[in-house]
Amino acid sequence: MNQRFKDHVSSGAFTLSLSARQIKILLHLNGSGPEDDRLNLAPYQALERRGLASFMLGAGYLITEEGKKVAELLIMAGYQ
């Protein structure tokens with residue numbers, strides 16, 4: 001179980017807000033979109049706080065299983 005995602009979801013009324021950049025990065029981490037060319041870690045860290053991505057030393061940011069599910073929903077909604 002992803003503790004960060006569990007904590008985010010169970011911290012109160014559950015909402016999941018993602019900025020346009022966070023969506024772009026999540027889709028890229030999922031292999032479904034282009035790479036983000038800006039050098040700013042804030043959106044990656046925001047995805048990590050929500051449990052949608054995790055940082056692995058030597059590998060960088062990787063999408064979590066929960067992140068993959070959110071990416072699937074975004075693709076179904078028409079994001080590419």
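Hi everyone, let me begin at a glycine: just after H4, Gly78 has a positive phi of about 105°. Please keep in mind that this is a predicted model.

With 12 residues at 1.5 Å a residue, H4 should span 16 Å, and its end C-alpha atoms lie 17 Å apart, so the two values agree. Which residues of H4 are buried? They are Gly67, Val70, Ala71 and Leu74. These four cover an arc of only 105° around the axis, which means they sit on the same side of H4. Over on the other side, you'll find Glu65, Lys69, Leu73 and Met76 exposed. As for what covers the buried residues of H4, that includes helix H2 (20-29) and strand S2.

S2 brings us to the hairpin. Strand S1, residues 53-56, pairs with S2, residues 60-63, in the antiparallel sense, over four bridges. Three residues lie between the strands, and in this hairpin Gly58 takes a positive phi near 90°. Phe55 has Tyr61 in S2 as its bridge partner.

The structure holds two aromatic pairs. One of them is Tyr44 with Tyr61, a tilted pair at 5.3 Å centre to centre and 35° between the planes. That pair links distant parts of the chain, since Tyr44 belongs to helix H3 (residues 42-49) and Tyr61 to strand S2, 17 residues apart. Both tyrosines, Tyr44 and Tyr61, are buried.

Conventions: Residues numbered from 1 in each chain as written. Predicted model: local features only at pLDDT ≥ 70, side-chain atom pairs only at ≥ 80, totals over all residues. Heavy atoms only, no water. Pairing = 2+ DSSP bridges. Helix = DSSP H or I, 4+ residues; strand = E, 2+ residues; numbered from the N terminus. Phe/Tyr/Trp six-rings, centres within 6.5 Å; stacked < 30°, edge-to-face > 60°. Buried < 20%, exposed > 50% of the residue type's maximum accessible area, 1.4 Å probe, protein only. Expected span 1.5 Å × (residues − 1). Arc of directions from axis to C-beta. Contact = heavy atoms within 4.5 Å.
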